[in-house]
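Let's take a walk through this structure together.

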Amino acid sequence: MDLGFVEKPESRCTLRSPFFPSKVGGFPAWLDLSQLPSSDETSCGVCRCPTVFLLQIYAPDDSNEATFHRTIYIFCCRNPACHRRNENRCYNVFRCQLPKANPFYSEEPPKEDSKQSVGVDLPGLAALCWVCGSSGPKSCGKCRQARYCSKEHQLMHWKNGHKGECSSGRVPQQQQHDFYDSSVVPSFLFPESLIVIEEEEEHNDDPAKTDEERMADYRAYVREKSEGVLDDDQLEDFETSQKDKVFMKFKKKIKKEPEQVVRYQRNGEILWASSEHVPNEVDIPRCQCGSERLFEFQIMPQLLNYLEVDSLSESTIDWGTLVVYTCGKNCSEGDPYHKEFIWKQDFSS
Ligand SMILES: [Zn+2]
Ligand SMILES: [Zn+2]
Ligand SMILES: [Zn+2]
Ligand SMILES: [Zn+2]
């Protein structure tokens with residue numbers, strides 16, 4: 001199991017595509033630079049507005065040439081009303097991968113000293129929306145410079161100062177607008193930081209109980225509570241104690257590394273926040289290629305502390321855990337950004 005932690009980058013440059021970052025907030029650092037997901041693909045499944053970038057995890061898979069570089073992207077809606085209990089439709093997940101030899105990046109890792117210069121050239125980068133950093137095929141009809149993913153973001157930028165700069169002809173010259181500029185629409189995107197991934201230290205805790213042990217617990221409970229049949233209240237008590245066990249385990253695991261924002265282990269063990277709304281196999285849709293999707297990583301509630309959503313009265317952006325499932329075959333047919341699946345689980349009420 002690997003854990004992810006939020007960390008200030010030594011240089012903002014390391015958050016850009018050629019450094020293959022795992023990061024939260026700001027613009028996405030796109031891996032394939034030319035063919036980005038369309039605004040239709042990144043729209044919210046509830047309100048249809050564009051979703052904004054939440055985080056990305058760089059997770060190459062060296063068992064296959066095609067996945068020499070590989071990044072998973074998560075987007076979510078900024079509209080508080082779309083964030084409902086155990087509801088995943090306001091999230092979007094994409095997987096992108098590239099072989100070592102590709103049209104965008106040198107086969108050599110970027111030099112240390114280039115970390116100091118922000119002006120790393122990204123040839124082949126598609127036009128990006130100035131507000132959110134997603135694909136920006138539309139441009140402002142007046143200045144023809146400012147680029148947008150959607151009418152919504154054009155309007156947002158207009159109200160946040162573009163009206164003035166556009167009519168006075170003082171639109172800042174953007175060379176390659178791939179870099180998050182928090183002044184375009186203040187506090188709209190999530191604050192930008194690096195995510196560093198570290199191996200979880202082995203702790204000797206008591207191994208999880210087997211089914212037989214749980215059954216023994218149950219029998220002991222029955223014996224303790226009554227000589228015969230349990231009434232409804234007692235059954236409910238037992239159920240509640242089982243529920244609490246899932247949450248207690250969750251809390252216990254987190255306590256060892258309280259700052260963890262991501263738990264990463266492909267096809268590994270998921271740490272559920274609750275015994276409610278746990279998916280069955282049929283709840284995890286197969287990939288478009290027909291393969292089964294496997295658990296890849298989960299996002300922990302600690303991340304919410306970094307998103308500064310509470311102060312914006314958007315406290316409805318919330319989760320117990322967000323569990324990301326990706327194609328078990330890492331298929332690469334079709335567009336470079338492949339839709340994947342996320343499961344949102346809230347804490348028990
Ligand atoms: Zn929405
Ligand atoms: Zn946009
Ligand atoms: Zn304009
Ligand atoms: Zn697939």
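Residues 24 or more positions apart account for 72% of the contacts (heavy atoms within 4.5 Å) in the protein with a separation of 6 or more. Keep in mind that this is a predicted model, where local features need pLDDT of at least 70 and side-chain atom pairs count only at pLDDT 80 or more, while totals for chains, interfaces and linings use all residues. Residues are numbered from 1 along each chain as its sequence is written, chains are lettered from A and ligands numbered from 1 in the order in which they are written, and side-chain values use heavy atoms, with hydrogens and water left out.

Of the protein's 349 residues, 47% count as buried, meaning under 20% relative accessible area with a 1.4 Å probe, protein chains only.

Now find the zinc ion (ligand 2). Its protein donors (N, O and S atoms within 2.8 Å of the metal, or 3.2 Å for Na, K and Ca) are Cys-129, Cys-132, Cys-149 and His-153, sitting 2.0 to 2.3 Å away. The angles among these four donor atoms run from 97 to 119°, and the site is tetrahedral, a label for four donors with all angles between 85 and 135 degrees. Cys-129 is buried, at 0% relative accessible area, and Cys-132 is buried too, at 2%.

Next comes the zinc ion (ligand 3), held by Cys-140, Cys-143, His-162 and Cys-166 at 2.1 to 2.4 Å. This site is tetrahedral as well, with angles of 105 to 114°. Both Cys-143 and Cys-166 are buried.

How values were computed: Four donors count as tetrahedral if all angles lie between 85 and 135 degrees; four count as square planar and six as octahedral if opposite donors are over 155 degrees apart and all others between 65 and 115; anything else is irregular. Buried means under 20% relative accessible area, exposed over 50%, partly exposed in between (1.4 Å probe, protein chains only).
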